[in-house]
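Subject: Structure for your review

Dear colleague,

Please find the structure below, handed over for your use. My notes on it follow.

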Amino acid sequence: MQSILKDIKSKAYPIEPEVSRFLSEGSCKNILSACSGGADSVFASLLLASLQDKFGFTLILAHYNHAWRGEASDGDSAFVESLANSLGVNCLLRRADLASDGVQSETLARNARIEFLRESAKEVGADAIAYGHQMNDIFESQVLRLARGAGLEGLVAPRPIHHFGHYPTHIRPILNYSADSIVSILREHAIEWREDASNTDDSIPRNFLRQTLTPSLSERLHRNVSEGASRSRRLLQVDAEFLEQLAQERLPECYALDERLDRAQLRAQDRALTRRAFVYWLHKLHPTFRPSASLQDQLIEAIYGDRFGGKFSLGADFIRMNKRHIWLEKG
C-alpha cells in the first residue's frame with residue numbers, strides 16, 4: 001500500500017478547493033476519516049493519507065458496523081481495519097448491538113454513526129471528521145430535499161466545510177470527483193473496496209436516483225447533471241453566506257440567543273432574513289427539536305400576521321408570542 005500511496009502522491013490528485021484551503025491553515029492536527037469500506041470512503045481515506053505530510057496532520061480511520069448484513073458487515077469492518085494497517089494509521093471500530101441499540105432504520109443508523117464518529121473524534125483529539133461524499137451525492141441530495149420543500153440551506157448541502165460549535169468540523173475532500181471517476185482511479189491503482197449489496201436496492205430513493213434518474217436525465221439533456229448540480233450548490237452557498245451575514249447584522253438578538261425576541265424587529269426585516277435568524281434561534285435554544293417545513297411556515301406567517309397572540313407546540317415545550325415579544329416556554 002505504501003507504493004500505492006507514493007503513486008497517488010505523484011499523481012497529485014486535487015482535493016476539493018475549500019477543503020484544501022482549510023487544511024492549509026494548519027489548524028487540523030488530527031483528522032478522523034469515516035470509512036465504510038466502499039469506493040468513495042476508501043478513496044477519500046487514501047487521498048487524505050497521501051496528504052498527511054503536506055498539510056501536517058495525522059489520519060485516523062473510523063468504521064461503524066451497523067451489523068445489518070451479518071458476515072458481510074463484519075467483512076467490511078475487517079477490510080477497513082486491514083486498510084488502516086496497510087496505511088500505517090490507527091483505526092477505531094464499533095459494532096452496533098441491535099438488541100440494545102435498536103438501530104433498525106436509516107435515520108437511527110445515521111444518528112448512531114454520527115454519535116460514534118463524534119465520540120471517536122473526541123477520544124483521539126480530532127479537529128475534523130472527513131466524509132466520502134462525492135459529486136453525485138450533491139444532485140441526489142438536492143432532489144430529495146426539493147421533494148421535502150427545502151430552502152436555501154438544504155440545497156447547499158453537502159458543504160465541503162461544515163463548522164459546528166461544539167463538535168469537530170466536517171470536511172468532504174472529494175466533492176470534486178464523480179462516482180465514475182473515483183472507481184476509475186481506484187481501478188487504475190488496483191485498489192480494492194467493498195460493495196454493499198443494499199446499494200443495488202432501487203426501492204431506496206437515493207439508489208433509484210443514482211441508478212435510474214441521474215443517468216437518464218444526463219442522457220436526455222446531453223449534459224452531466226451532477227456537474228450542473230455541483231455548480232449550483234457552489235453558487236447557492238455564496239448566496240446563503242451573504243444572507244447569513246446580513247441576518248446576523250440585522251437581527252443580532254437571534255444570534256445572541258436572547259430569551260425574548262422583539263417581534264417588531266423581526267417583522268421589520270425581509271422574510272428571508274427573519275426565517276433564517278429565527279430558525280437559528282429556535283434550533284439553538286431547542287436543539288433536540290427539528291421543526292417541520294409546515295411548522296416553520298406557520299411560525300413565519302404568525303410573526304408577520306395580524307393576530308398577536310399565539311402558541312405553537314414543540315413537543316413538550318411551546319413557542320409563545322404576543323404583540324411585543326416571542327419566547328420559548330418550557331412545558
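This is a predicted model: local features need pLDDT of at least 70, side-chain atom pairs count only at pLDDT 80 or more; totals for chains, interfaces and linings use all residues.

Pro158 is found in the loop between helix H9 (152–155) and strand E5; helices (H or I, at least four residues) and strands (E, at least two) are DSSP runs, numbered from the N terminus. The peptide bond between Ala157 and Pro158 is cis, with omega at about 0°.

Residues are numbered from 1 along each chain as its sequence is written, and side-chain values use heavy atoms, with hydrogens and water left out.

Two alanines have a positive phi. Ala67, in the loop between E2 and H5, has phi near 60°, a positive value in a residue other than glycine. Ala67 is buried, at a relative accessible area of 11%; buried means under 20% relative accessible area, exposed over 50%, and partly exposed in between (1.4 Å probe, protein chains only). Ala190 lies in the loop between H10 and H11, and its phi is about 55°, again positive although the residue is not a glycine. Ala190 is exposed, with a relative accessible area of 64%.

**Overall dimensions**

The protein has 16 helices and 10 strands as its secondary structure. The C-alpha trace spans about 70 × 50 × 45 Å along the principal axes.

Of the 331 residues, 45% are buried. The accessible surface comes to about 17,500 Å², and 50% of this belongs to carbon and sulfur atoms; the areas come from the Shrake-Rupley method with a 1.4 Å probe, and for residues only the protein chains shown count as cover. Among contacts (heavy atoms within 4.5 Å) between residues at least 6 apart in sequence, 69% join residues at least 24 apart.

**The six-stranded sheet**

An open sheet of six strands is arranged in the order E3-E2-E1-E4-E6-E5, with mixed pairing; two strands pair if DSSP finds at least two bridges between them. Strand E3 (90–95) and strand E5 (161–162) stand at the edges with a single partner strand each, so one side of each has no neighbour in the sheet. Helix H5 (residues 71–87) packs on this sheet, where it touches strand E2 (58–65) and E3, and its direction makes about 170° with that of E2. Axes here are lines fitted to C-alpha atoms, for helices over the stretch in contact, and angles run from 0 to 180 degrees between N-to-C directions.

Ser77 belongs to helix H5 and is buried, with a relative accessible area of 11%. Beyond its neighbours within four places in sequence, Ser77 is in contact with His63, Asn65 and Leu93. The side chains of Ser77 and Asn65 are joined by a polar contact of 3.4 Å. A polar contact is a pair of N or O atoms within 3.5 Å; within protein, one must be able to donate a hydrogen and the other to accept it, and residues adjacent in sequence count only if both atoms are side-chain atoms.

Elsewhere in the sheet, strand E1 (residues 30–34) and strand E4 (residues 128–130) pair in the parallel sense over three bridges, with Ile129 in E4 as the bridge partner of Leu32. Gly26 has its place in the loop between helix H2 (17–24) and E1 and is partly exposed, at 25% relative accessible area.

**Strand E10 and its partners**

Strand E10 (residues 325–329) pairs with strand E7 (residues 260–262) in the antiparallel sense over three bridges, and Arg260 stands opposite Trp327. Four bridges join E10 to strand E9 (residues 317–321), also antiparallel; Phe318 has Glu329 as its bridge partner in E10. E9 and E10 form a hairpin with three residues between them.

**His189**

His189 lies in the loop between helix H10 (179–188) and helix H11 (205–221). At 7% relative accessibility, His189 counts as buried. Leaving aside neighbours within four places in sequence, His189 is in contact with Ile4, Asp7, Ile8, Lys11 and Tyr13.

Yours sincerely
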